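Please walk through this model with the text beside it.

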Amino acid sequence: MRSYREAMIRFAGMRNLDVWYAKIDAERVQALTAGQLHKRGEKNLARAMAKARTRDSLQAFDKLTETVDGRPRIAADPPLLVPITHLLPDIERSALEREFGGLIERYGRTLASDRRTLLEDYRLADVARKVVGVGSVGTRCWILLLLGRDGQDPLFLQAKEADTSVLAAHVGASQYRNQGERVVSGQRLMQAASDIFLGWERVIGIDGKQRDFYLRQLRDWKGIAMPETMLPEGMRAFGELCGVTLARAHARSGDRIAIAAYLGSGDAFDRALATFAEAYADQNERDHQALVDAVRAGRMPAEELPTT
């Protein structure tokens, strides 16, 4: 984490506005990694960036929808993706669809006025329940298909449930009454460029319970790094980028001068973090082995999903 410490020290010496406008875009990433990667690594980076640019609502529309009675609908892919028409009988489904329509209208009020105007040009076409990633296990997630000018003008939004932070018990309750707003405010503060449709809302579910959600585009040029395919040089460059990005987020959201002073000029923090990372990786391996053992012994049900 030397890159984090060195970056934080640089940020501590910068003016407030300079910290705010600091960012690492695609061109900057390529410039920073130039000379650090082998040719294969440079090709992999260029390929990953090109792929990310294709991950938008049009790509999701082609992959996730089908035409039913002349209208685009979200295609079923259980258990990962289940359209609302497969979840509820007609009466309950109609009520939930109306609730989602109201959700979009109310959530739009949390957007900047220009983005709210853009959202108003779309109408809700379909809704489906989506299985979330490991970090959100146990929470609800929906994807919403909206259509603009015509049936070939899609916008996919993702509504993810936001629960109370696990840190609240240790650092006190959040200043935000809506947990979705808490998540959105944190992302807007720490990210150099947030999703233009990032917002929040509170809804009453079909079970009568109140839940907070935050919404964003399902895909807006999001890219995924694949550390398992990286050579050591690529892994090092990736780690340095992560360190600088994390330092920038902390410089914007915290007291960058106090953090830099705490880190100091020595490598004590670097070594402590490396020790923690190794211990955490070992714990992950033990936890995963315990899960595998439970599945094999029949104590934990599991279903193998098809690869895509």
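What follows starts with the chain and then turns to the patch and its helices.

This is a predicted model: local features need pLDDT of at least 70, side-chain atom pairs count only at pLDDT 80 or more, and totals for chains, interfaces and linings use all residues. Residues are numbered from 1 along each chain as its sequence is written, and side-chain values use heavy atoms, with hydrogens and water left out.

The chain has 12 helices and 8 strands. These are DSSP runs, numbered from the N terminus: helices are H or I, at least four residues, and strands are E, at least two. Of the 308 residues, 32% count as buried (under 20% relative accessible area; exposed is over 50%, partly exposed in between; 1.4 Å probe, protein chains only).

Now the surface. Leu17, Trp20, Tyr21, Leu189 and Met190 make a nonpolar patch of about 520 Å². Nonpolar side chains (Val, Leu, Ile, Met, Phe, Trp, Tyr) are joined within 5 Å, from residues with over 30% relative accessible area and no salt bridge (a Lys or Arg side-chain nitrogen within 4 Å of a carboxyl oxygen of Asp or Glu). Areas come from the Shrake-Rupley method with a 1.4 Å probe; for residues, only the protein chains shown count as cover.

Helix H2 (16-21) and helix H9 (179-190) each supply at least two patch residues. H2 gives the most, with 3. Trp20 lies in H2. Trp20 counts as partly exposed because its relative accessibility is 42%.

H9 also has buried residues, among them Val183, Val184 and Gln187. The buried residues of H9 pack against strand S7 (199-204) and strand S8 (210-217), where contact means heavy atoms within 4.5 Å.

How values were computed:
Patches are made of residues with over 30% relative accessible area and no salt bridge: like charges are joined within 9 Å, nonpolar side chains (Val, Leu, Ile, Met, Phe, Trp, Tyr) within 5 Å.
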